[in-house]
Amino acid sequence: MGHPPLEFCDCYKDSPDFRETLKCYELELERTSKFLKELIKDGNSVINAIKGYSLAVQKFSQTLSAFQFDFIGDSLTDDEVNIAESFQEFAGLLQEVEHDRMMLVQNASDLLIKPLEKFRKEQISATKEKKKKFEKESEKYYSQLEKHLSISARKKDSQLQEADELVEKERQNFYESSVEYVYQIHQVQDRKKFDVVEPVLAFLHSILTLNNLTVEMTQDFMPYKQELQLSLQNTRNHYESTCEELEDLMKRVKHPSYISKMQNFFPMEGFLFCQEKRALGASWVKYYCKYSKEKKQLIMVPCEQRPSVKQSPTILTLKSCIRRKTESIDKRFCFDVETVERNAPVTFQALADGDRKLWMEAMDGKEPVSLLCFYLVKMELNETGFKFVQKCINCIETEGVTQEGVYRTVGSNIQVQRLLNAFFDSTSSTDVNLHSSDWEVKTITSALKFYLRSLSEPIMTYDLHRDLICAAKSDNPDVRLSEIHSLTYKLPGKNRQMLELLINHLGKVCSHSDENLMTPSNMAVVFGPTLMRAKEETVAAMLDIKFQNIVVEILIEDYEKIFSGLPGDSAAPPIPPPRINPRKRQPITISKRAARVYQALSHDRFEHTENGQNYTSTVDGDASTNPAPQKQTKVGSHASPVPTELPLRQAAMPRPANRQDKPADSDLIKICNARLKPDTSLAAANGESAAFVNRVPSFQSKKQLAKGTLDSGI
């Protein structure tokens, strides 16, 4: 479906496949850059050339239609499907709007051109700079490596050491620039999903809402705009949570100690020099060695074949491996291996210190001197853990359930560690009172999350991780719910008991989302990586975090159905009331809306809309024509009662301080947004996402009613 993920570990191999994949990303980056240039040019034509408006909009729509998003990974979320198809939908909308000859708003440049130019200058240009640095460091490293390999072995030790240090420095610079370049590529690929689409969406909205002649089209556009904004918001939330994990992984990969783990990604083999004792003394013989960790077998293929004797490979069975102290031998990078076949240890010399660390890590090697051991509180899923979680839940539900940003606000690390030590330290006999003034709610929530993340295996277990991710990737929401319901009952007893306790609590917290702003979608962003995680930390695993969030979101929304009975159990709870409308399984579009009759447009009516009155009205008492989202009827056991009218949806969680909120298009746009935002706390009933992302009927297929019908409706 898209390009394969660029793993950070591939930067160390620098294989031809890695370079080829990198080239694909560079071509995509260049294609995106050219697309942005053309999009900006066409946007200016629309703004500045009123007389040529029709042709400019047509060209602009063609540009949008020709562009296709390339996504990373093997599957897309509903939000990403909506975003991927958004440009095609925008293009179709512009072709219809062309006939109305609308005027452009004065701030169209601020809405469209400047954000795209900013993205292109800040993101794409930054990626090109990283590319230049990568190519420069690559050339320097391989040039230095060639010089290094040509140095004579008869040089002084100081000269050899200096050469070793120089090539190591260049190698580190090359690895660092390579990792940073890959990271920047992933940043641009993810950010363009919303940083490129949002300005276009805002530009279209300004066209539709600030022209009296197109208010009737605006009414049809608003549901799609709402759904797409929520898709963008969800995608941004997934991006921000994924970005944090990706950045942490990048930092760990850049650390020199990470190279000791590289044998997990490719077979452990390479050149080693073996010390062999002979009659006239010891000599060092070069071998190409392959080590099988499962069989603990070391295969040694001699590189210096004797012309008269055909030498077969030597196979040794490993017993132990210990690093050789520098003062015990005059060679560098040595380690001793005890084998079953030989009585005395076999001494090997690696090509470099990093190479020795790789071999020792693969052979479970040990240091000659024992390291200091530090006491750490061990987190286990036992009676103490259940007691701790229950205490935290009781305190949060009593004192912090309405606190804004609960679970998203982070407590002090010192206070969190102090609370955990006080509770889990076996030497502590005091009973911790979480209701005292010593503990803030954010300290308790952070401690609870830390406990869950510190378990040796996540609550949702490694064994079920892949199945849960596959279930979340299903296109059918009913299949998602059914699969997750079934997989939940494959968890071990303690895990399922803890999961039910947590999800019930999170549902209660989300039922107060009008106060704490923590909708199921926002809560899932926090607890997705906490309750689920992959066994191996790779870029591909980081990209699946958004699907982890979907799993947790479904658990919160459908708590009653999932935890009240086994899948397919006849004793399951009664079927909930039918939906007002059937679930839509198609992507949201603006090209196939239902036929609708409008009242006549007047200047007074438009002024009422600006003053905050609802501009949407029904014809002949037909309430089904209202484009506002339908009310939900199903409520989980932890949700508040359904109000008779949907309240205005509260804003999502506050964005980080370094993000600048974009200015609203106008007062009218603010009113429209407020009118159309659904109450996400009610979405749990239908198994849909908390952000209320549907796949709604399309906008463009509602086509012209008969003239007499329109006149009679007016």
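Q: Where is the place of Leu 517?
A: Leu 517 sits in the loop between helix 17 (513–516) and helix 18. Please note that this is a predicted model.

Q: And what is the phi of Leu 517?
A: Phi of Leu 517 is near 65°, which is a positive value in a residue other than glycine. As background, most residues other than glycine have a negative phi.

Q: Does Leu 517 count as buried or exposed?
A: Leu 517 has 11% relative accessibility, so it counts as buried. The cut-off for buried is under 20%.

Q: What about helix 18, how many of its residues are buried?
A: Twelve of the twelve residues of helix 18 (residues 520–531) are buried, so this helix is largely enclosed by the rest of the structure. Among them are Pro 520, Asn 522, Met 523, Phe 527, Gly 528 and Leu 531.

Q: Which loop holds Phe 333?
A: Phe 333 is in the loop between strand 4 (314–323) and strand 5 (334–339). Its phi is near 60°, a positive value in a residue other than glycine. With a relative accessibility of 16%, Phe 333 counts as buried.

Q: Stepping back, how many helices and strands has the chain?
A: The chain has 24 helices and six strands. Of its 714 residues, 49% are buried.

Q: For contacts between residues at least 6 apart in sequence, what percentage join residues at least 24 apart?
A: Among those contacts, 76% join residues at least 24 apart in sequence.

Q: Which residues have the most contacts inside the largest nonpolar core?
A: They are Phe 8, Leu 64, Phe 87, Phe 90 and Phe 203, in a core of 71 residues.

Q: What does Leu 64 touch?
A: Not counting residues up to four places away in sequence, Leu 64 touches Leu 39, Phe 87, Gln 88, Phe 90, Ala 91, Leu 94 and Val 200. A second, separate core has 62 residues, including Phe 388, Ile 396, Trp 439 and Ala 447.

Q: New topic: at what angle do helix 14 and helix 20 pack?
A: Helix 14 (residues 465–472) and helix 20 (residues 545–557) pack at about 80°, and their axes are 9 Å apart. Helix 14 is therefore roughly perpendicular to helix 20.

Q: Which residues meet there, from helix 14 and helix 20?
A: From helix 14 come His 465, Leu 468, Ile 469 and Ala 472, which meet Phe 547, Gln 548, Ile 550 and Val 551 of helix 20. By class, the contact of helix 14 with helix 20 has six nonpolar, two polar and no charged residues.

Q: Where does Ala 541 lie?
A: Ala 541 is part of helix 19 (residues 539–543). Its relative accessibility is 11%, so Ala 541 counts as buried.

Q: What does Ala 541 touch?
A: Leaving aside residues up to four places away in sequence, Ala 541 touches Ala 534 and Glu 536. Ala 541 and Gly 73 are 468 residues apart in sequence, and 9.8 Å apart in space from C-alpha to C-alpha.

Q: One last topic: how many disulfides does the structure hold?
A: The structure holds zero disulfides. Cys 321 is buried, with a relative accessible area of 2%. Cys 510 is buried as well, with a relative accessible area of 3%.

Methods. Residues numbered from 1 in each chain as written. Predicted model: local features only at pLDDT ≥ 70, side-chain atom pairs only at ≥ 80, totals over all residues. Heavy atoms only, no water. Disulfide = S-S within 2.5 Å. Buried < 20%, exposed > 50% of the residue type's maximum accessible area, 1.4 Å probe, protein only. Axes fitted to C-alpha atoms, helices over the stretch in contact; angles between N-to-C directions. Helix = DSSP H or I, 4+ residues; strand = E, 2+ residues; numbered from the N terminus. Parallel < 35°, antiparallel > 145°, perpendicular 65-115°, else oblique. Contact = heavy atoms within 4.5 Å. Nonpolar A, V, L, I, M, F, W, Y, C, P; charged D, E, K, R; others polar. Core = buried A, V, L, I, M, F, W, Y, C linked by side-chain atoms within 4.5 Å.
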